[in-house]
Amino acid sequence: MITAERKPLEEVKDLIGEARNVLVMGCGTCVTVCFAGGSREAAELVVSLRMATRLAGAPREITETTVQRQCEWEYLDEARADVEQADVIVSLACGIGVQAIAERFPDARVVPGVNTTFLGMPTEHGIWEERCAACGECILGITAGICPIARCAKSLLNGPCGGSEAGHCEVSPDTPCAWQLIHDRLQRLGVLDVLMQPQPPKNWKSSRDGGPRRIVRDDLRLAGEQE
Amino acid sequence: MTGTPLNIVAFCCEHCAYAAADLAGGLRMQYPPDVRIVQLPCTGRLDVLTVLQAFDEGVDGVMAAGCLPGNCHFLEGNLNARRRVTRIQGLLGEIGLEPGRVEMFNMSAAMAAEFVTAVTEMTERINEMGPSPLRVGGAGRGGD
Ligand code: SF4
Ligand code: SF4
């Protein structure tokens, strides 16, 4: 999932500025399951903002709506009426949702209410960890199912580095060394010898280094929309 | 009690604090009348949003009262509640209300005197802070 964390209330207040009608828009998918921007968090923000603006002597009209996914036009369109009456929309979706609102509603002012953080998973209640870097060319097949791009601080393809110590990475005792994990798992699977084959430099063109990416699936496109 | 009558909501676990309040009543113990009790099946049910909504409606303080650590009927509900109370204190600070307007207490069903002490302590604390600015001059959203 895409994980996010709420922005401090002070920052959201600054982003709202003088706007009178504020619409807080939650997203019912990734940010709901990481407790950052679903309908509950939207309700929390509404009630917090309402109290804070009343205390500051500048009460606002603050409403809330949550759509299933802010990153799909069909769901976003359901909120059109709410969007059009708002002076500013605080989106609690990831950065994709914020941009989808900006793209779909050219006249709307939209600001982010969360910081989009990483692609990861909950490892226990209340803890999320990064797992994937969306590099565009998955190498998990040769790294025992553990991603050194996302989980090694240096994204090494031939690790570990000299900073690996007692299983943890030199950047923090709380961070397991990805290459130690890879080594241990390859050993467990009885295929440690794959490490004898050094990996050539990765072609980062498939990642962010090649510029913004795009996927085109002609078989899924509708004939009427062909360029 | 001095000052304006307060409106403090006490979320009480039915296995301990609620029973302690009942016992205090049965024993004819006196405590400040500013507290309204809401019975919970466990303080683990304490909900951040509900507490925030209570403050938005103009309550002056909120207390959560659960079992003694280690004695939760559902093992850890009271410990989870404490973490949530800490989070609510942080949120109140961000909003501009005193974090101390919400507090967690622990007691057993037999501790009627401790219930009275907790309510008295909370009432005195809120009295010092004064009523919530969100209800002064009718700024509160709720009536009763
Ligand atoms: S807008 Fe972001 S958070 Fe919401 S469903 Fe799409 S990717 Fe997930
Ligand atoms: S210690 Fe391990 S995880 Fe950290 S940078 Fe070195 S190889 Fe990568």
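Domain bounds, as used here, are taken from an automatic or database domain assignment. In this predicted model, that assignment divides chain A into domain 1, covering 2-118, and domain 2, covering 133-227. Taken over C-alpha atoms, the centres of domain 1 and domain 2 of chain A are separated by 33 Å.

The next topic is the interface between the chains. The size of an interface is often given as the accessible area lost when the parts come together. Between chain A and chain B the buried area is about 1400 Å², with carbon and sulfur atoms giving 57% of it. Three residues, A:M51, A:R54 and A:L55, supply 40% of the area that chain A buries against chain B, which is more than any other three residues. In terms of contacts, 13 residues of chain A meet 18 residues of chain B.

Charged and polar pairs also occur between the two chains. The count of salt bridges between chain A and chain B is 5. A:R6 forms a salt bridge with B:E94, and the closest N and O atoms of this pair lie 2.8 Å apart. Across the interface of chain A and chain B, 7 residue pairs are in polar contact, both residues being at pLDDT 80 or more.

Which helix of chain A gives the largest share of the side that touches chain B? Helix α3 of chain A, residues 39-55, provides that share with 10 residues. By residue class, the side of chain A that touches chain B consists of 7 nonpolar, 1 polar and 5 charged residues.

Technical notes:
Residues numbered from 1 in each chain as written. Chains lettered and ligands numbered in written order. Predicted model: local features only at pLDDT ≥ 70, side-chain atom pairs only at ≥ 80, totals over all residues. Heavy atoms only, no water. Contact = heavy atoms within 4.5 Å. Buried area = accessible area lost by both parts, 1.4 Å probe. Salt bridge = Lys/Arg side-chain N within 4 Å of Asp/Glu carboxyl O. Polar contact = N/O pair within 3.5 Å; in protein donor to acceptor, adjacent residues only side chain to side chain. Helix = DSSP H or I, 4+ residues; strand = E, 2+ residues; numbered from the N terminus. Nonpolar A, V, L, I, M, F, W, Y, C, P; charged D, E, K, R; others polar.
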